[in-house]
Amino acid sequence: MTGAAPGTVDRLRRGLARLLGLVPVLDLHGLGVADAVRATERFLEEAAAEGRDQVRIVYGKGRRGPGGVGALRVAIPDFVAARTGGLVLRFERQVESDGHDGSMRVWLRRPHECTGARCAT
């Protein structure tokens, strides 16, 4: 948009995404636990800083892991749960028709709602 006020395009993009129900997605397939946790932390911080109110994180089912449960399927929800009450307002695993989850939706605290250590990740 030529001649638009600074930030107008970003506001329009975010408004359109909300209207259509689109949320940013982080896909962690192929990452090890340590890299996936770092990527998740960075993703949540950046999304909150951009004023996003929710995101989706895909960690996979990991059926080839021990007991048919992948390491990320345990580690990422645990990581996000530990941030509930701070940057994370709440989260919900996205259970598929087979009864297993491979992703989660995360609702974030808005930046103006964060004070001090309350929003530390």
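This is a predicted model: local features need pLDDT of at least 70, side-chain atom pairs count only at pLDDT 80 or more; totals for chains, interfaces and linings use all residues.
View 1. Residues are numbered from 1 along each chain as its sequence is written, and side-chain values use heavy atoms, with hydrogens and water left out. Gln 54 lies in strand β2, residues 54–58 (strands are DSSP runs of E, at least two residues, numbered from the N terminus). Gln 54 counts as buried because its relative accessibility is 18% (buried means under 20% relative accessible area, with a 1.4 Å probe and protein chains only). Its side chain makes a polar contact of 2.8 Å with that of Arg 105 (a pair of N or O atoms within 3.5 Å, of which, within protein, one must be able to donate a hydrogen and the other to accept it; residues adjacent in sequence count only if both atoms are side-chain atoms).

**View 2. Strand β4 and its pairing partners.** Strand β4 spans residues 101–108, of which 7 of the 8 are buried, so the strand is largely enclosed by the rest of the structure. β4 pairs with β2 in the antiparallel sense over 5 bridges (strands pair if DSSP finds at least two bridges between them), and Val 55 stands opposite Val 106 in β4. Strand β3, residues 88–95, also pairs with β4 in the antiparallel sense, over 6 bridges.

**View 3. The β3–β4 hairpin.** Between β3 and β4, which form a hairpin, there are 5 residues, and Gly 99 in the turn has a positive phi of about 90 degrees.

Terms used: Helices (H or I, at least four residues) and strands (E, at least two) are DSSP runs, numbered from the N terminus. Buried means under 20% relative accessible area, exposed over 50%, partly exposed in between (1.4 Å probe, protein chains only).
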